[in-house]
Amino acid sequence: MPEAAFTHLVASREGLYVAGIAGCERRRDGLYFGATIRDGAAWVFETLDEDLHARTNRGRILRMTIDPATTGFGPAEVVADGLDNGCHQIDFIRGRLVVIDTYRQKLLVFREDFSDIDLHYPAGRADADAKDDPGYVHMNGIGGDGRELYVMLSHAGVQPARPSEVLRLDAQFNQVERFTLPGLMCHDLVVLEDGRLIANGSMGGFLIDRQGIIAQIDNLLTRGLSIGTDDVVIGSSTFGDRERRIAATGRLTFTGRDLALRARYDLPAAPTQIRRLDGRDLSIFDYRATIGN
C-alpha cells in the first residue's frame with residue numbers, strides 16, 4: 001500500500017508498526033510499550049529483556065525521526081537506558097519526558113536535557129515483586145489536556161476484580177484527586193475538547209468515560225487509544241498469563257469521532273500504544289497545550 005496512507009504509529013510486543021485504514025507494516029523488531037510523537041520524531045520505550053520482571057534494567061528510550069513523505073524512521077538514537085524492563089506508557093509533560101515505571105510504581109521525569117531524572121510516587125511506594133503488597137496498583141497510563149494531568153491505576157494482575165482508578169496530579173506531580181472508573185483493568189487516558197475523559201475499559205473490550213460504557217469495541221482486551229480531530233483508533237489484544245503474552249495477537253479498529261466503523265483488521269502482535277504519526281493527537285499531553293483548551 002502507498003506509504004502516505006500510513007497515519008499511525010503502533011507499538012507492540014513484537015515490533016513497531018505504521019498503520020492506516022488500508023493496512024499496516026512492521027518497521028522495526030523489538031518489544032515496545034510506551035510511544036509518543038514530538039518535533040517530528042517517534043519516542044518509544046523498548047526493553048531488551050523479554051522477562052519484564054527481571055531486575056536486569058534493560059529498558060531504554062529511543063528517538064527516531066519520521067520522514068513525513070514516506071513515514072519511514074531514521075536511525076534510532078538511544079536517549080536513555082538502564083530503565084526497568086516493565087516501564088509502560090511515556091509522554092512529554094510540559095516539555096519533560098515522563099515514563100511510567102509500572103512495576104516499581106513511580107514516575108520518571110527526565111530533565112529537558114536528559115541529564116538527570118526526578119522521581120515521583122503519586123500513588124505511594126510499592127513494588128510489583130513484593131508478594132501481596134496491598135499498595136501496588138499497577139500504574140500504567142498517563143494523559144491530560146495540556147493543563148490537567150491524569151494517571152491510570154489499573155489494578156490489573158493484582159486486584160483484577162477491583163475497578164480501575166485515576167489520579168489527577170498537580171504541576172509538581174502530587175495527587176490532588178482520586179476517582180474510580182466504571183471499568184476493569186483499564187488502559188489509556190484521553191481528554192476530549194469538552195473535558196470528557198475517555199479510557200479503554202480493557203476487560204470487556206469497552207471504550208468508557210467516567211459515567212459508563214460508551215461502546216463495545218470487540219471481545220478482546222482493549223489497549224492503545226489514539227483520538228485525532230476526526231478519527232479514533234483503538235487497539236485490542238488477546239489475553240493470557242504473563243508467559244504467553246509475548247505471543248499474543250491483536251487488532252486495530254478505526255472509527256470516526258462518532259465511533260462509526262471505518263476499518264478493522266488483525267495484527268500479528270498485541271498493540272501497547274497508538275499515536276498519530278503527525279502528532280495531532282488528543283492522546284498527547286503537550287499537543288493539547290499547543291491547540292488551546
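The mean pLDDT of the chain is 92, with 95% of its residues reaching 70 or more; pLDDT is the predictor's confidence in each residue, from 0 to 100. Over residues 241-245 the pLDDT is below 50, and beyond near neighbours in sequence this stretch has 4 contacts in the model (contact means heavy atoms within 4.5 Å). This is a predicted model, in which local features need pLDDT of at least 70 and side-chain atom pairs count only at pLDDT 80 or more, while totals for chains, interfaces and linings use all residues. Residues are numbered from 1 along each chain as its sequence is written, and side-chain values use heavy atoms, with hydrogens and water left out.

**An open sheet**

An open sheet is formed by 4 strands in the order β12-β13-β14-β15, with antiparallel pairing. Strands (E, at least two residues) and helices (H or I, at least four) are DSSP runs numbered from the N terminus, and two strands pair if DSSP finds at least two bridges between them. Because β12 (139-144) and β15 (175-180) stand at the edges with a single partner strand each, one side of each is left without a neighbour in the sheet. Within the sheet, strand β13 (residues 149-153) is joined to the antiparallel strand β14 (residues 165-169) by 5 bridges. Leu149 stands opposite Leu169 in β14.

**Pocket and cavity**

On a 1 Å grid over the protein atoms alone, a cavity is a set of points where a 1.4 Å probe fits but cannot get out, whereas a pocket is an open set with protein on both sides within 12 Å along at least five of seven lines; lining residues have an atom within 4 Å of a point. Grid points are joined across faces, edges and corners, and a volume is the space filled by probe spheres set on the points.

| Second largest pocket | About 380 Å³ | β4 (31-38), β8 (90-93), α1 (285-291) |

Of the 22 residues that line the second largest pocket, Ile37, Arg276, Leu277, Asp278 and Gly279 lie nearest its centre. The lining of the largest cavity includes Phe33, Gly34, His187, Asp188, Arg223 and Gly224. By class, this cavity lining divides into 1 nonpolar, 8 polar and 2 charged residues; Ala, Val, Leu, Ile, Met, Phe, Trp, Tyr, Cys and Pro count as nonpolar, Asp, Glu, Lys and Arg as charged, and the others, Gly among them, as polar.
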